[in-house]
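Let us read a two-chain model together, one question at a time. Please keep the sequence and the structure in view while you follow each answer.

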Amino acid sequence: MQKDQSLPLLRQVMLLINLALCAFVSAVFILTPLRAAQRAEGVDFLQKLSGLPAAPWSVSFAAVGFLAFTAIDFLYRSGKLGSGRAAFWLEPGTALLIILALHLDYNGLLLLAVVNLVDSLHGRGRMLFLAAMTSFYLLTSLDVLQSAFGMVSVSEYLAYYDGQPRQLMQTAIGLLSALNLILFIGYMVVLVGRRTEENTAIRRLNGELAKANEKLSVLNIQLKAYAAESERMAETRERNRLAREIHDTLGHALTGITAGADACIQMLDISPDMARKQMELIAQTARAGMNEVRRSVSALRPDALERFRLSEALAKLCSEMQQTSHAEIRLNMQPADMRLSQDEEDAVYRIVQESVTNAIRHGHATEIDVNLTGQARRMLIVVQDNGIGCVKIEQGFGLRHMRERLRLLGGSLQVNGSNGFRIEASIPLRWGDEI
Amino acid sequence: MRSCLKRVAVSVVLSAVVLILTVLGSAQQTVLTVGVIAGSYWDAPTGNCYAVIDAAIERFEQAHPNVRVEYTSGILKRDYSEWLADQYLLGTEPDVFLVMPEDFGMLAELGALQPLDSLLESDGEVSAADFYDAAVKSGASGGVQYALPYECVPTLMFVNKTLLEAEGIPVPDNDWTWDDFYQICAQVTRDTDGDGVIDQFGSYGYTWRDALAANGAALFDENGTSCLIAQPDCVEAVEFAQKLQALYADCDITARSFDEGHVAFRPFLFSDYRTYQPYPWRIKRYSNFEWDCIQMPGGPSGTGRSELSTVLAAISNRSTQKSLAWELLKELTCSDETQSMLYTDSHGVSALRRVTQSPRTQQILQHDTPGESQLGLELLSDTMEQAVAAPHFRAYDQALLLAESLVTTAMEDDHNLSLQLQRVQRQLNEYLQS
């Protein structure tokens, strides 16, 4: 708070000193001739001068000028004069007029004008202003100019007085001028200091920004590590998926082969022909399983889905299972053609495949109902069998994989083993509104 | 924002208009001020010392109906310099004023006087050639004409005719020389009553400065930057003065000696001559001898004869009525009416050739001069033509005082005068350049 006051305070003190100096010099210019005339020492006084002294009343211009200078400064500062170039140069112009009225003897007023105005300028404008004021200052310091205008300097006026008063007055003028100069330099130093502080603050902020950037880059590295980590996790997930895939395809085919082979063993004695047919079916299932494995390794997509639409692929799956297991599988799909994305189709196919396989392998069911219904933005898969069911459901590999698949799609799974076995899977559909 | 600036501008314009109207209103009756000296500059007693000025002002006011001319009366010669200086200091100096010779240098150097060259050039009626050279030169400084001569007074040689007649010597001609002068002085300087004490003298009051003027030599250069006393023509003049002075070694000559008729020659101001010549002054002062005036004797090297004393008239450089002031200055210095009044109401000589040489002036002079006096137009005009003007610079009076004492000391010394004058010249140069 104290800092904010120092510049205006310096300026005000400078204004007072300038007022005192101008008043003093004016008084010398006015009173010296009057005194000489009053004491009838006019000839002595004139003899010592280099030129005709100005008439005393002419100095009153300086007083009027100083009033105008102060008023202009106040108005300009409060913004009432506008911000045009003319309004700006009004103050230095008045200062020059006062200096002329004071016989070019005191030009410290230009320093006050600089102090008053330097803060309102920036960049090139300020450089130009300072250059102009410097040249004015130098120009008004020239004694040559003084004598060219026929002006008599204040020291010549003071020469009229006796030793001690003259010294006193010269000292007063010298002291006040020096004080004015010192205040001017002080003002500039404080101003430059203020600017330097601002620059330091800007540098400090820049430093903080750099630090934040550094932190950010560390975070970036961490993020990269995290990405690598998640890549590894994706790899693991993929491995799990492969395992699931192997279980789904190979497990499914082997279940069919095992069931078929059992039937074959029983039928071999009764009807060799039937057994042969059964054997061919087993071989077919084994080949299909083989194909599934190959496809799993290469494309990782159910072969049927690769070649058929979901409804066709499901129908094919059900008829194949029915043939190898002798269980009656009824597929009901409402509506028949649902537009699902690839991963949803994969999941639906695998869930149906796993449920049917489980019903045959573990439940020894003879009737299996598969219902797929699309409701608003949700697909419901219900697989109900008439098998033995189970009181306590053992979470096997198949069931766990089903849950995982569904979780990836944001769906849920409910199983019930009290009346046969019932699986209810619900998948939220991304294209549900277009069903 | 702008409106404030506008308001300031409007008020400035308004006050300027009011100021102009005031000035115009007062211009209905323009007042010119004049500075004049009360009494004669040469201390000659006069009747109405303002008669010439008053008449000039009256003529001027008649020619310029809207102008009133004012002056402060009663400023004596001894107060005039100070009065003028004070008026300048107060900024109230008159528009036109008389300038005493001793003030001219200072005022011209201060730039207090209006240069007249361009006015003289553009004015068809007046020319510098109308004036006698020395007179117009007294108003110039540094090659610039700052003032015009108002009234001049030359120095003449006062001759005791009775004494010369008694010695059997005729009154010298106007073109007489130093040799004639010295010869007569040497002849008449003797003891008349045989008491062993010299009681009759050739001259009184003829100084080395008179000799300098007679020899066309100058003590200082025009700008007052150097002293010329060691120049050959100066040395010659001082030598003559020394030689003349040697005639009266150990004698006590006073003004009283001349008044009582014991001195043959005495340099005399024309104004004194004019004062004492007419009846009753003539009888009152010099009742026991006949006297007359002739020119100062000429030196071998110069054409000049005597130094001319001139009261000038000038215009203030700060006058606001310069063209009117110029008209008034012309009325004072260049009009035949004013200048011829100098011969009737003052004791000086007009610097205007045509006035001084006019038959009317001749008449006036003859009317005042009884008998077979030599003073006539020719003598006066010749004297004016051959006079020299003293230089004008600020330190002139002080430098002259110093020169008087130094040269007098040098003259009293018996050693080589030329060498001593060189020393004097060096000392004076030092003073002038300090």
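Q: Why is helix α5 of chain A largely enclosed by the rest of the structure?
A: This is a predicted model, in which local features need pLDDT of at least 70 and side-chain atom pairs count only at pLDDT 80 or more, whereas totals for chains, interfaces and linings use all residues. Residues are numbered from 1 along each chain as its sequence is written, while chains are lettered from A and ligands numbered from 1 in the order in which they are written. A residue is buried if 20 or more other C-beta atoms, placed from the backbone, lie within 10 Å of its own, and helices (H or I, at least four residues) and strands (E, at least two) are DSSP runs numbered from the N terminus. Helix α5, residues 109-117 of chain A, is largely enclosed because its buried residues number 9 of the 9.

Q: Which residues of α5(A) are buried?
A: The list runs along the helix and includes Ala113(A) and Asn116(A).

Q: What percentage of the residues of chain B count as buried?
A: Chain A has 14 helices and 5 strands, and 30% of its 435 residues count as buried. Chain B has 20 helices and 12 strands, and of its 434 residues the buried part is 43%.

Q: Which helix gives the most to the side of chain B that touches chain A?
A: Two residues are in contact if their C-beta atoms, placed from the backbone, lie within 7 Å, and by this rule 18 residues of chain B are in contact with 24 residues of chain A. On the chain B side, α1 (2-26), α3 (77-90) and α4 (101-110) each supply at least two residues. The residues on that side divide into 10 nonpolar (Ala, Val, Leu, Ile, Met, Phe, Trp, Tyr, Cys and Pro), 4 charged (Asp, Glu, Lys and Arg) and 4 polar (the others, Gly among them). With 7 residues, the helix that gives the most is α3(B).

Q: At what angle do the axes of α10 and α20 of chain B cross?
A: Axes are lines fitted to C-alpha atoms, for helices over the stretch in contact, and angles run from 0 to 180 degrees between N-to-C directions. In α10(B), the residues Cys234(B), Val235(B), Val238(B), Glu239(B) and Gln242(B) meet Leu417(B), Ser418(B) and Leu421(B) of α20(B), a contact with 5 nonpolar, 2 polar and 1 charged residues. The axes of α10 (232-247) and α20 (417-433) come within 10 Å and cross at roughly 115 degrees.

Q: How far apart are the end C-alpha atoms of residues 195-229 of chain A?
A: UniProt, in an unreviewed entry, lists this stretch as "coiled-coil region", and such annotations may be inferred rather than shown by experiment. Over these residues the chain is 100% helix and 0% strand, and the distance between the end C-alpha atoms is 51 Å.

Conventions: Buried ≥ 20, exposed ≤ 12 C-beta atoms within 10 Å, placed from the backbone.
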